[in-house]
Amino acid sequence: KQRVAIGRALLSNPRLLLLDEPMAALDAARKAEILPYLERLRDRAQMPILYVSHHASEVARLATDVVVLAQGRVLKSGPVAAVLTDLDLVSATGIRDAAALISARVVAHHADGLTELSGAGGALFLPKMAAPVGARLRVRVEAQDVMLARTAPTQISALNILPVEVLALRSGDGPGAMVQVRAGDEVLLARVTARSAKALDLAAGGPAFAVIKS
């Protein structure tokens, strides 16, 4: 029904397409079917799409520019990667959904089932993906999946360890803290405890290593 509705809208040759929570009534499996269709629509239709959603993962996958609204007011607007990693917006967009969006290129598919990407100032290894070598991908890295270390960890199961520079740190009302770091030309977020941030003596301009757990 959702695909038919979008198809009917396209047949009217619109100048702009408004998609208001188009996947609100869909389960995860149906969303997985619709999202690639919307990506092709974005890339091939060459028409502006205004996509309304409360789900950060959908916005990260589909949007190029974002406007964050709260109670009828614009809190922030700009390129999707910059908006999603703005520490001032974490409370508005949701701490649990806090994540960074980085651009990466497929380098190789390895025999052990991993796909190697080049991005965020180093190599990234993900479970094998159906994307050709050379393809450019968006990679969403959740803040809760990023650990920080002051020295490069060794003898650890995590494959994705990137040298970073601490850009900013923001403590909340509870025991947590959000840390904004730069890896190459990309910005990542790390969700840590305030105790850990203090123990590591994290401060803007200081070096660290980001360990991406998944």
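Predicted model: local features only at pLDDT ≥ 70, side-chain atom pairs only at ≥ 80, totals over all residues.
Residues are numbered from 1 along each chain as its sequence is written, and side-chain values use heavy atoms, with hydrogens and water left out.

Let me begin with helix 2, residues 28–44, where helices (H or I, at least four residues) and strands (E, at least two) are DSSP runs numbered from the N terminus. The expected span of a helix is 1.5 Å times one less than its number of residues, so the 17 residues of helix 2 should span 24 Å, and the 25 Å between its end C-alpha atoms agrees with that. Its buried residues, meaning those under 20% relative accessible area with a 1.4 Å probe and protein chains only, are Lys31, Ile34, Leu35, Leu38, Glu39 and Leu41. An α-helix has 3.6 residues a turn, so residues three or four places apart point the same way. Just after helix 2, Gln46 takes a positive phi of about 55°.

Turning to strand 3, we find that it gives 6 residues to the lining of the largest pocket, the largest share.

Finally, what is the place of Ser77? Ser77 sits in strand 4, residues 73–79, and its C-alpha atom is separated by 30 Å from that of Asn160, 83 residues apart along the chain. At 47% relative accessibility, Ser77 counts as partly exposed, a class that lies between buried and exposed, the latter being over 50%.
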